[in-house]
Amino acid sequence: MNDGTFSSKTNIFLEIVSPPNLDLVRPINEVTELLRDELIFEWTSNTAVGNYKLDIATDSLFNEIAYSILTDINFHMPLDSLKANQTYFWRVSAANECGSAVSEIFQFTTETISNIQLLLD
């Protein structure tokens, strides 16, 4: 019997995935003499990630964080935050409702500045 009403059944499947592995793009691992005012950090992006956390540390265990920022894009330029002639370690982490991911750790060394340049800074 038809009473004038209509019903329909629809199945909806949602796939929620954990953040993917994060690949660091630049600066490349173990590069030296990086100019601080041209330093840009970049990593792969993914639509499954809402925010990324960039950590820069003076030790490979990240006990001494020199710089950290939460961003929604896959690159960052830390202006005037890093010292000259210093080795740093960097990584990126991401999280969503299903889990988290942390990149491998890269290291780099900033440019050496002579004593004359230090006086001018």
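Colleague: Which residue is the bridge partner of Leu24 in E3?

Modeller: Leu24 has Trp43 as its bridge partner there. Keep in mind that this is a predicted model.

Colleague: How many bridges join E1 to E3, and in what sense do they run?

Modeller: Two bridges join them, and the strands run antiparallel.

Colleague: What is the strand order in that open sheet?

Modeller: The order is E1-E3-E6, three strands with antiparallel pairing.

Colleague: Where does Phe41 lie, and is it buried or exposed?

Modeller: Phe41 is in strand E3. It counts as buried because its relative accessibility is 0%.

Colleague: What is Phe41 in contact with, leaving aside its neighbours within four places in sequence?

Modeller: The contacts of Phe41, with those neighbours left aside, include Arg26, Pro27, Leu54, Ile56, Leu82, Trp90 and Phe108. Asn74, Phe75, His76 and Pro78 are also among them.

Colleague: How far apart are Phe41 and Val25?

Modeller: They are 16 residues apart in sequence, and their C-alpha atoms are 7.6 Å apart in space.

Colleague: Asn74 came up in that list. Where is Asn74 found?

Modeller: Asn74 is in the loop between strand E5 (65–71) and strand E6 (75–76).

Colleague: Is Asn74 buried or exposed?

Modeller: Buried, because its relative accessible area is 19% and the cut-off for buried is under 20%.

Colleague: What does the side chain of Asn74 reach?

Modeller: The Asn74 side chain reaches the backbone oxygen of Trp43, at 2.7 Å. Beyond its neighbours within four places in sequence, Asn74 is in contact with Phe41, Glu42, Trp43, Thr44, Ser45 and Tyr52.

Colleague: Switching to the core. Which residues touch the most other members of the largest nonpolar core?

Modeller: Phe41, Trp43, Ile56, Leu82, Trp90, Val92 and Phe108 do, out of 18 residues in that core. The elements giving two or more residues to this core are E3 (41–43), E4 (51–57), E7 and E9.

Colleague: Which element gives the largest share?

Modeller: E7 does, with four residues.

Colleague: What does E7 pair with?

Modeller: E7 (residues 87–96) pairs with E8 (residues 99–102) in the antiparallel sense, over four bridges. The two strands form a hairpin with two residues between them. Within that pairing, Ser93 stands opposite Val102 in E8.

Colleague: Now the rings. How many aromatic pairs does a search of the whole structure find?

Modeller: Five. In one of them, the ring centres of Trp90 and Phe106 are 6.1 Å apart and the planes are at 85 degrees, so this pair is edge-to-face. Trp90 is in E7 and Phe106 is in E9 (residues 106–110), so the pair ties together parts 16 residues apart in sequence.

Colleague: Are Trp90 and Phe106 buried or exposed?

Modeller: Both are buried.

Colleague: Which residues do the ring pairs link into a cluster?

Modeller: Phe41, Tyr88, Trp90, Phe106 and Phe108.

Colleague: Last one. Where does the charged end of Arg91 sit?

Modeller: The charged end of Arg91 is over the ring of Phe62, 3.9 Å from the ring centre.

Note on methods: Residues are numbered from 1 along each chain as its sequence is written. This is a predicted model: local features need pLDDT of at least 70, side-chain atom pairs count only at pLDDT 80 or more; totals for chains, interfaces and linings use all residues. Side-chain values use heavy atoms; hydrogens and water are left out. Buried means under 20% relative accessible area, exposed over 50%, partly exposed in between (1.4 Å probe, protein chains only). A polar contact is a pair of N or O atoms within 3.5 Å; within protein, one must be able to donate a hydrogen and the other to accept it, and residues adjacent in sequence count only if both atoms are side-chain atoms. Contact means heavy atoms within 4.5 Å. Two strands pair if DSSP finds at least two bridges between them. Rings of Phe, Tyr and Trp (its six-membered ring) pair if their centres lie within 6.5 Å; planes under 30 degrees apart count as stacked, over 60 as edge-to-face and the rest as tilted. A charge sits over a ring if NZ of Lys or CZ of Arg is within 6 Å of the ring centre and within 35 degrees of the ring normal. A nonpolar core is a set of buried Ala, Val, Leu, Ile, Met, Phe, Trp, Tyr and Cys residues joined through side-chain atoms within 4.5 Å.
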